[in-house]
Amino acid sequence: MSVTLTVSSLHDAVARHAAVRRISRLQPVGGAGDKIFPPTYPAARRGETPRHVFERRRVDGREAWCVLIDSVQSQANRLEEALLAAAERDGLPLPYVTVDFRNAGLDPLERITSLDAPHRVYDAILRDSLRDDERFMQSKAGRRLAEATAADATALLEISPTALLFGAWHSQGEGGGLGAKFPRALVSEIMGINAPVDEVVANQRTGETEPRTAGQRTGSRIDPLGVQKNVKIYRSAQDDKDWTPQETEAARNQAGPILFSRKRGDKAGKPSVINHGNVTPSVEPLGATCAYAEHRAVITLAGLRRLRFGSDIRDAAGRVLIAALGLVALAEQDARGYALRSRCDLVCDGRAPLELVRADGATDTIELDREQARALYREAYNQAASAGFRFESITLKPQDRLIEIVKRSRESALEGAGGEADED
């Protein structure tokens, strides 16, 4: 059965049913079977190349190798970015906290919001900022956020409702990280299904194997200046952070002229230390193909029912607002597209519908496009305001000490400046 979602029917769904979900198929924009580049993660052992994340999953009743294309955390970041753009460009009513860096002398950094910060409204960037010359977490709003729990999550709904949608943890609160935890209400992930892998023996004693991609990535760079690796560069006597090719201008110690390097492990004195010279051609096991990419997104309605806001009327209004916000987030991501990273640009393989998952496991198809999702959310927002919620966006200014550590970090980075080879 197909249903048109309204605020009234969403109220009923949140009160009685399990979830809203969507299972979409995606393909590379280059066509089915084209190679894509999933995210890479550090190797398990020192000296090995980075790797993708593979795992076996049940697909159509059989086990299949799958590769992680976009993690739950990465998807949350993309959805938050889409919501922030909708709020700023199109006036979607969405409260959030902003730290304004425009007068901090940290150009081009202008601001960071609770939708950008890694730990959302409980992030250290916000903690180390001021509201009206008072430390944020010691202000009235900050204390409300610190005291929020699932039994009364009003403060988060009024100040930063995305924290309830994507999850938040007051890990720096009193009690050594025993602050309130709010689990994700929206979980979204993209996996590559039926991905070819090579199994490499990782432990000859146990025979344990580790899946590796069957794809290969090549790399090389030809220096147009033709700088050769046998040319020596030295640390300058005039500036120990700079270099010179002249031995007569080099800094010296008891052993003689000092070869230039930026950090431990550099090939001291080689032009590659200052990013000149050729890059030797290389081949690494990176990149993957798959039968298709699967995007699964679930908004838990049962999970929303754990959140309370002070009364039955407010409970219902707050929960519906979060559910509607999740629907807008998914619609906004669809509109932005799935250009996830370099050489990982995906497109929908047909448009998959949203599904309402009832308490007994039966499903109904939901008809909802982007404009309908926005209108639904606006109505839910207005109803929440009528129920007594007082939404508030807050602007903070960074403390001087926060500005200082950023400046020192930038100086440190510039002292060791030097680009790395581009990665796909």
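Are tyrosine 377 and tyrosine 381 buried or exposed? Both tyrosine 377 and tyrosine 381 are buried, and they open this set of close-ups from a predicted model.

**View A. Tyrosine 377 and tyrosine 381 make a tilted aromatic pair.** Their ring centres sit 6.1 Å apart, with 50 degrees between the planes. The two tyrosines belong to helix H9, and because they are 4 residues apart there, about one helical turn separates them.

View B. A search of the whole structure turns up 4 aromatic pairs. Phenylalanine 309 comes from the loop between helix H7 (301-304) and helix H8 (312-336), while phenylalanine 389 comes from the loop between helix H9 (370-386) and strand S25 (394-398), so the contact ties together parts 80 residues apart in sequence. Phenylalanine 309 has a relative accessible area of 1%, so it counts as buried. Phenylalanine 389 is buried too, with 2%.

**View C. Zooming out, one aromatic cluster takes in Phe309, Tyr377, Tyr381, Phe389 and Phe391.**

**View D. Four lysines gather in a positive patch on the surface.** The members are Lys229, Lys232, Lys267 and Lys270. One of them, lysine 229, sits in the loop between strand S14 (217-221) and strand S15 (234-235). Its relative accessibility is 67%, which is why lysine 229 counts as exposed.

**View E. A cis peptide bond runs from aspartate 107 to proline 108.** Omega is near 5 degrees here. Proline 108 is part of the loop between strand S5 (97-100) and strand S6 (111-113). For context, most peptide bonds are trans.

**View F. Aspartate 133 has a positive phi.** The angle is near 65 degrees, in a residue other than glycine. Most residues other than glycine have a negative phi. Look for aspartate 133 in the loop between strand S7 (129-131) and strand S8 (134-135). With a relative accessible area of 60%, aspartate 133 is exposed.

**View G. Asparagine 275 also has a positive phi.** Here phi is near 65 degrees, and again the residue is something other than glycine. Asparagine 275 occupies the loop between strand S18 (256-257) and strand S19 (279-284). At 29% relative accessible area, asparagine 275 is partly exposed.

Definitions and conventions. Residues numbered from 1 in each chain as written. Predicted model: local features only at pLDDT ≥ 70, side-chain atom pairs only at ≥ 80, totals over all residues. Heavy atoms only, no water. Patch = residues over 30% accessible without salt bridge, like charges linked within 9 Å, V, L, I, M, F, W, Y side chains within 5 Å. Areas by Shrake-Rupley, 256 points an atom, 1.4 Å probe, with all protein chains shown as cover. Salt bridge = Lys/Arg side-chain N within 4 Å of Asp/Glu carboxyl O. Lys, Arg positive; Asp, Glu negative; His and termini not counted. Charge placed at Lys NZ, Arg CZ, Asp CG, Glu CD. Buried < 20%, exposed > 50% of the residue type's maximum accessible area, 1.4 Å probe, protein only. Phe/Tyr/Trp six-rings, centres within 6.5 Å; stacked < 30°, edge-to-face > 60°.
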